[in-house]
Amino acid sequence: MTDTTHPDTTHPVPQDGEAARRQRARVEALLARPAATRDDQLTLADGRTLAYQVHAAFLPVLGDGLGPEAGEPQAAVLATAYVVPQAEGAPQRPVCFAFNGGPGSSSIWLQLGALGPKRVPVQDDGNLGPSPWAVEDNPLSWLAHFDLVFLDPPHTGWSISASETARKKLLSVDGDVAALAEVMRGWLAAHRRFGAPLYLAGESYGTTRGAALTDRMLDLGLAFDGVILVSCAMDLQSLVFAPRNDLPHALFLPGYAVTAQYHGSLRGAPGASPEAARAAAEAFVADDYVAALHAGARLDARRRSRIARRLAELTGLSPALVEASNLRITDSQFFVEALRERGRVVGRLESRATAPMAASRERQMSFDPGIEGISIPYTTAAMAWFGQLGLPLEQRYEVLNGEVNRAWEWRRGSAGEGGGRIEANGFTSTGDDLARALRRNPHLRVFVASGRYDLGTPYSATDWSLAQLDAPAEVLARVTHRYYDAGHMMYTRRADLALLASDLAAWLAGRSAA
């Protein structure tokens with residue numbers, strides 16, 4: 001999951017000597033902790049049975065450079081691996097490293113949602129179902145194709161940094177990338193898996209991170225065969241509503257339209273089907289809306305009225321609200337205005353989900369119905385599963401750490417040290433990293449998955465982001481984009497879990513045939 005704001009960086013209070021000692025001791029204790037292991041088996045959807053081992057252990061993020069911290073652990077990161085044992089002398093299975101986003105999210109969503117051999121079932125419509133919640137076998141697990149290694153970045157899950165200096169560095173775009181590159185290298189070394197085909201899967205901010213890691217790993221002499229980006233967030237300019245940034249207003253409109261159609265708010269041709277709503281919105285954006293936004297105050301009254309009327313038709317909002325908003329509907333407006341007459345708030349990460357407004361009919365979303373439908377089931381089931389593995393439940397597991405998000409350093413090149421370069425347009429982007437990796441590695445292929453009802457990282461914003469990759473057409477032909485009829489975590493809907501698994505298998509088979 002991604003918080004696509006640019007929060008001010010918070011500066012931690014300097015530690016006294018005793019506090020610093022305790023923090024380093026916590027890291028050393030986690031690194032000394034024996035791996036949690038478990039043998040299990042899974043029957044796949046095709047009838048095959050896989051015996052696998054779970055291996056969960058903390059790995060160090062080692063200091064770099066030539067200073068006194070070089071080689072010293074700067075953090076302990078939990079890596080939860082699901083490995084299918086191979087016979088002596090057999091070819092190595094591919095390894096897929098996976099993580100979620102935030103920044104500040106642990107890896108339980110991908111781990112227990114789509115990829116891992118265990119899954120948390122939730123309601124298909126995105127709303128919260130009744131308890132109890134527990135993991136069950138996942139016959140569509142990606143373990144059919146890879147050994148899976150799920151990483152919890154520092155200050156998510158149980159992973160922590162060894163000092164406040166390390167913490168500040170790790171809570172940054174580039175510091176985070178450097179740390180996870182080191183953890184992946186360390187896991188391959190510890191398990192003697194150098195030479196195995198390598199894949200990477202990231203979700204939400206995990207795609208921001210993943211795009212940069214694709215290029216960073218090449219610097220370390222390690223190449224990914226494939227990168228899987230779920231709910232893409234490589235270019236924050238396409239996602240952050242800010243003054244003088246009209247891009248999100250255009251890119252979110254198709255998502256608004258399909259959401260309004262889903263909830264029965266559209267009339268006429270756009271209301272006939274999700275496909276009709278999507279096509280109408282996409283055509284309006286391409287033919288009229290972008291030009292109108294670009295014109296600004298130069299837009300004549302007649303054309304402005306026509307644009308406002310069509311925006312209202314495609315969003316289900318009132319023409320008066322559209323006019324009052326200067327033809328620019330933000331995501332936060334849509335969440336609270338789309339179903340205001342019904343007293344409902346629309347979800348951000350899953351816009352099919354809704355929740356009751358307060359009696360005061362607030363103008364700001366106080367919680368996201370799109371995350372409420374899964375956060376409780378996933379957290380409850382994950383803690384039970386981790387308890388079975390023997391992981392340290394006596395300590396709090398940070399499923400979603402808002403403090404990490406608020407402290408995040410978005411400037412590239414700073415690694416939490418200040419003075420980093422500002423992106424040309426003021427927004428973080430790792431699209432250039434991915435484009436460079438695609439040009440550097442002729443065997444790299446990219447699979448992108450988007451949910452039609454995701455208003456956190458809308459599918460049309462991802463379309464735009466992929467179209468901006470700085471690479472020739474023959475290179476971009478190695479990028480595949482697939483769409484699903486659910487939200488940010490499209491795999492929580494059973495039909496899309498199956499379709500995602502099928503699309504992934506076809507993509508992998510295409511690589512094998514290439």
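Helices (H or I, at least four residues) and strands (E, at least two) are DSSP runs, numbered from the N terminus. Residues are numbered from 1 along each chain as its sequence is written. Please keep in mind that this is a predicted model, where local features need pLDDT of at least 70.

1. Let us start with the proline bonds. A cis peptide bond links Ser131 to Pro132, with omega about 5°. Pro132 sits in the loop between strand 5 (118-119) and strand 6 (136-137).

2. The bond from Gly102 to Pro103 is also cis, with omega near -10°. Pro103 belongs to the loop between strand 4 (95-99) and helix 2 (108-115). For background, most peptide bonds are trans, and most residues other than glycine have a negative phi.

3. Ser204, in strand 9 (residues 198-204), is not a glycine, yet has a positive phi of about 60°.

4. At 87% relative accessibility, Arg244 counts as exposed, a term for values over 50%.

5. Finally, a helix pair: helix 7 (residues 253-262) packs against helix 9 (residues 301-315) at an angle of about 50°, and their axes are 7 Å apart. Axes here are lines fitted to C-alpha atoms, for helices over the stretch in contact, and angles run from 0 to 180 degrees between N-to-C directions.

Definitions and conventions:
This is a predicted model: local features need pLDDT of at least 70, side-chain atom pairs count only at pLDDT 80 or more; totals for chains, interfaces and linings use all residues. Side-chain values use heavy atoms; hydrogens and water are left out. Buried means under 20% relative accessible area, exposed over 50%, partly exposed in between (1.4 Å probe, protein chains only).
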